[in-house]
Amino acid sequence: MKTIFFLLLTTLSFSQTYEVVAVGDYYNATKLEGVATISDAKYTVSFSNGKTVEFDIVSNKNGTIYITDGVMTDWLNVIEKKGKKKGQEYSKIIILNFDIRRNINTNVLYYCK
């Protein structure tokens, strides 16, 4: 009975944690350590300097996670790609695309282990 209950809980909740080693765009990056967590309801990034950013997750469709800060809706993707930035190896990239209505329409890349 305990096994069935445990299996039910694991299928109902989703959470992924990534170790951030650098932040930047496709051309430039800054060495910045932290942790990015994607759960059922929140996307949270906590950096080693004490700054934490949190977004609510609106939906998750076809591998694209739509997030909001309460005003704008942005989206992110997690892709598998190995490489090296600022002397740190990474195996995944979280691509955060800010909404075009902010007049910046830019990508922020979190290079993660």
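The model is predicted, with local features requiring pLDDT of at least 70 and side-chain atom pairs pLDDT 80 or more, whereas totals for chains, interfaces and linings use all residues. Residues are numbered from 1 along each chain as its sequence is written, and side-chain values use heavy atoms, without hydrogens and water.

The chain contains 1 helix and 8 strands, arranged along the sequence as α-β-β-β-β-β-β-β-β (DSSP runs: helices H or I of at least four residues, strands E of at least two, numbered from the N terminus). Of the 113 residues, 36% are buried (under 20% relative accessible area; exposed, over 50%; partly exposed, in between; 1.4 Å probe, protein chains only).

The model holds 3 salt bridges (a side-chain nitrogen of Lys or Arg within 4 Å of a carboxyl oxygen of Asp or Glu). Lys42 pairs with Glu54 at 3.7 Å between the closest N and O atoms, linking strand E3 (residues 42-47) to strand E4 (residues 52-61) across 12 residues. Lys42 also meets Asp56 at 2.4 Å, N to O; because Asp56 lies in strand E4 and Lys42 in strand E3, this pair ties together parts 14 residues apart in sequence. Lys42 is partly exposed at 29% relative accessibility, as are Glu54 at 48% and Asp56 at 34%.

In the salt bridge between Lys92 and Glu80, the closest N and O atoms are 3.5 Å apart. This pair connects strand E7 (residues 88-97) with strand E6 (residues 73-85). Lys92 is buried at 19%, whereas Glu80 is exposed at 66%. Shared partners join Lys42, Glu54 and Asp56 into one salt-bridge network.
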